[in-house]
Amino acid sequence: MAILLSLVSMLSTLFGGFVAMRIGDRRHLVLGLAAGVMLGLVAFDLIPEALEQSTGEVYGVPVVLIAAVIGFLSIHIIERAVAIHTGHESEFGAHHHGFESVGLLAAAGLIFHSTLDGFGIGLGYQAGASVGLSVAIAVICHDFADGFNTFTIPTLYGNARKRALTLLGLDAIAPVFGAILGTLIHVPEQWIGLYLGYFAGFLLYLATADILPEAHAEHPSRLTLLCTVTGVGAMFGVAALSH
């Protein structure tokens, strides 16, 4: 099931790239909804399930929450270290020759993100079917944005359209590869809880620091906010039904 859902994630990535080529002035609504789904997943499913799987504490603080903070900070540090932030692509302006490697590095980071997304689906199913499904829903939404960015950023930095399409294909395959690894590699229950906590922090950063700012960058509308709230509410419904 994890691998089958990762194939849906692959299609979501490809669709995101297609939209990047075709969309007009409405991408902010889709991104707002995706961010809401990710926030809802973190609050209503990942963190509660992680706390059930791993109950250890460090000086009274649950290790799951420490893992979440590490997940949040790790992706933040990586982005700062390479001086790349995937949000607000349109603010970069027209980039010319000599900056192609910057676009390639950003795309490589997104491909790595997608591999971790697929791995998260596989590990989520090790924790339980409801967790795996919820993780998959968030990954599918997130990979739409990844596909969008994987095509957009390299082209903005001067890479040819053909190269951007190749990168998009690699990003689409990445979650399937990650899901296969997550399905084959058995992880002890307590480690699953720690990973889910780490993954929660990872998603929290992507939703709040990348996708939401991008969604509101050009169109800070109430409709975008409504889409975000709708996404959060939808994930609350999924969590309620699963319990």
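This is a predicted model: local features need pLDDT of at least 70, side-chain atom pairs count only at pLDDT 80 or more; totals for chains, interfaces and linings use all residues.
1. Two elements give two or more residues each to the patch, namely α1 (2-22) and α6 (161-184). The biggest contributor is α6, with four residues. As a reminder when you look at these helices, an α-helix has 3.6 residues a turn, so residues three or four places apart point the same way.

2. Stepping back to the overall layout, you will find eight helices and two strands in the protein. Read from the N terminus, their order is α-α-β-β-α-α-α-α-α-α. Of the 243 residues, 50% count as buried. The exposed surface comes to about 11,000 Å², with 72% of it supplied by carbon and sulfur atoms. Among contacts with a separation of 6 or more, 86% are between residues 24 or more positions apart.

3. Please have a look at Y59, in the loop between β1 (57-58) and β2 (61-62). Y59 has a positive phi of about 55°, although it is not a glycine. Is this residue buried or exposed? At 85% relative accessibility it is over the 50% cut-off, so Y59 counts as exposed.

4. Leaving aside residues up to four places away in sequence, V135 touches L41, L46, G120, I121 and F199. The C-alpha atoms of V135 and M38 are 8.9 Å apart in space, while the two residues are 97 apart in sequence.

5. Finally, helix α7 (residues 189-217) is worth a check of its length. With 29 residues at 1.5 Å a residue, α7 should span 42 Å, and its end C-alpha atoms are 41 Å apart, so the two values agree. There is also a bend to look for: α7 has a kink of about 35°, centred on A207.

Technical notes: Residues are numbered from 1 along each chain as its sequence is written. Side-chain values use heavy atoms; hydrogens and water are left out. The expected span of a helix is 1.5 Å times one less than its number of residues. The bend at a residue is the angle between axes fitted to the seven residues ending there and the seven starting there. Buried means under 20% relative accessible area, exposed over 50%, partly exposed in between (1.4 Å probe, protein chains only). Contact means heavy atoms within 4.5 Å. Accessible areas come from the Shrake-Rupley method with a 1.4 Å probe; for residues, only the protein chains shown count as cover.
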